Amino acid sequence: FDMFVLAFLDRFFRTTYKKDDFILGKKLGEGAFGVVYRVSLAKKPSSKKEGDLVLKKATEYGAVEIWMNERVRRACANCCAYFLYGFLESSSKKGGEYWLIWQYEGESTLSDLILSKEFPYNVETMILGEVQDLPKGIERENRIIQTVMRQLLFALDGLHSTGIVHRDIKPQNVIFSEGSRTFKIIDLGAAADLRVGINYIPKEFLLDPRYAAPEQYIMSTQTPSAPSAPVAAALSPVLWQLNLPDRFDIYSTGLIFLQMAFPGFRTDNGLIQFNRQLKRCDYDLNAWRKTVEPRAGVELRRGFELLDLDGGIGWELLTSMVRYKARQRVSAKAALAHPYFDREALLALSFMQ
Ligand code: ADP
Ligand code: MG
């Protein structure tokens, strides 16, 4: 089936919405570029249970965010929160704003979950339901963190395979979907679609400094400014190979892995402090470890202990994600094939040792 026909059918037969269809509920978030509310439909169609929805009223970047979400829905629907519809709402003041509608996935972001004293056991209950009263040891914690990382990398691989770089991966932009009991990515407001040249010029000012990789520009500064769309479409697979812009998201995901392993880095201040330490070590995680481990407290030592399980396979994965040079970081696909996620391979490995 032709992509064009599919897109046309999708546009034509899908339910469309307008301003008055929604009843605004609780405000869920407010960023520099929009406000997010929980909403419901004014009159629910009796045949279908639409459930609760989420509305983002976005400013200038709304159009790009709609584009990204429509692409994601077609190419990797379960990577991200399910997107229903986006439109320009022009009846209000100041030239209108973009309205974006998603399915309400659940009440917890990964940020809420890792800031809880219960983490990672709170996540275990959410993924598996009520769990038996197993001993709460470091191996069990590692198993839960592995599951979160696998789901996160799976979603990221979906985005990257579609040609989309998220550029704002952080626990606040990872939502737990209560329906599918998995983590999904949200907030494509800073994303770039390199295959068709949408949002091609890097908007580095959008990036969250706490989770941003050290490279200032995601595309090398050598690459020319945005070519026309058809030219970009032909060029971008080449540019993708040259610049590996997806590795920017990998660095951010590595920092999430780090935060899950070390409770001390889960708060903003903790993470900022870690970033300062790592920069002082020229972004070399092994060098950082050498400086902090000798005088590490209980918490920090426990984090290393977790990552050192199974012959240090967790630490190996972490150090292959958080690296100064984008080229030396693993891709999402390669990370998913890492032995950290492969218990069978690990068993074989332990037999060989
Ligand atoms: P921004 O960061 O630009 O304000 P987000 O898209 O990240 O906008 O949404 C803000 C917050 O709203 C999220 O951190 C999350 O708590 C909540 N949220 C967004 N989308 C959903 C969704 N589909 N389901 C449930 N909650 C959501
Ligand atoms: Mg956000």
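This is a predicted model: local features need pLDDT of at least 70, side-chain atom pairs count only at pLDDT 80 or more; totals for chains, interfaces and linings use all residues.
Local features need pLDDT of at least 70, and side-chain atom pairs count only at pLDDT 80 or more, while totals for chains, interfaces and linings use all residues. Residues are numbered from 1 along each chain as its sequence is written.

**Overall.** The protein has 13 helices and nine strands; these are DSSP runs (H or I, at least four residues; E, at least two), numbered from the N terminus. Of the 353 residues, 51% are buried (under 20% relative accessible area, 1.4 Å probe, protein chains only). The accessible surface is about 17800 Å², by the Shrake-Rupley method. Carbon and sulfur atoms hold 55% of that surface.

**Sheet.** Five strands form an open antiparallel sheet in the order E1-E2-E3-E5-E4. Strands pair if DSSP finds at least two bridges between them. The twist averages 25° from one strand to the next. E1 and E2 run antiparallel, joined by seven bridges. Ile-23 faces Ser-40 of E2. Helix H2 lies across E3, E4 and E5, at about 30° to E5.

| E1, edge | 22-31 |
| E4, edge | 83-89 |

**Helix pair.** H7 (residues 247-261) and H8 (residues 268-280) have axes that come within 12 Å and cross at roughly 115°. Axes are lines fitted to C-alpha atoms over the stretch in contact, with angles from 0 to 180 degrees between N-to-C directions. Contact means heavy atoms within 4.5 Å. H7 contributes Tyr-251, Leu-255, Leu-258 and Gln-259; H8 contributes Leu-271, Phe-274, Asn-275 and Leu-278.

Definitions and conventions:
Chains are lettered from A and ligands numbered from 1 in the order in which they are written. Side-chain values use heavy atoms; hydrogens and water are left out. Buried means under 20% relative accessible area, exposed over 50%, partly exposed in between (1.4 Å probe, protein chains only). Accessible areas come from the Shrake-Rupley method with a 1.4 Å probe; for residues, only the protein chains shown count as cover.
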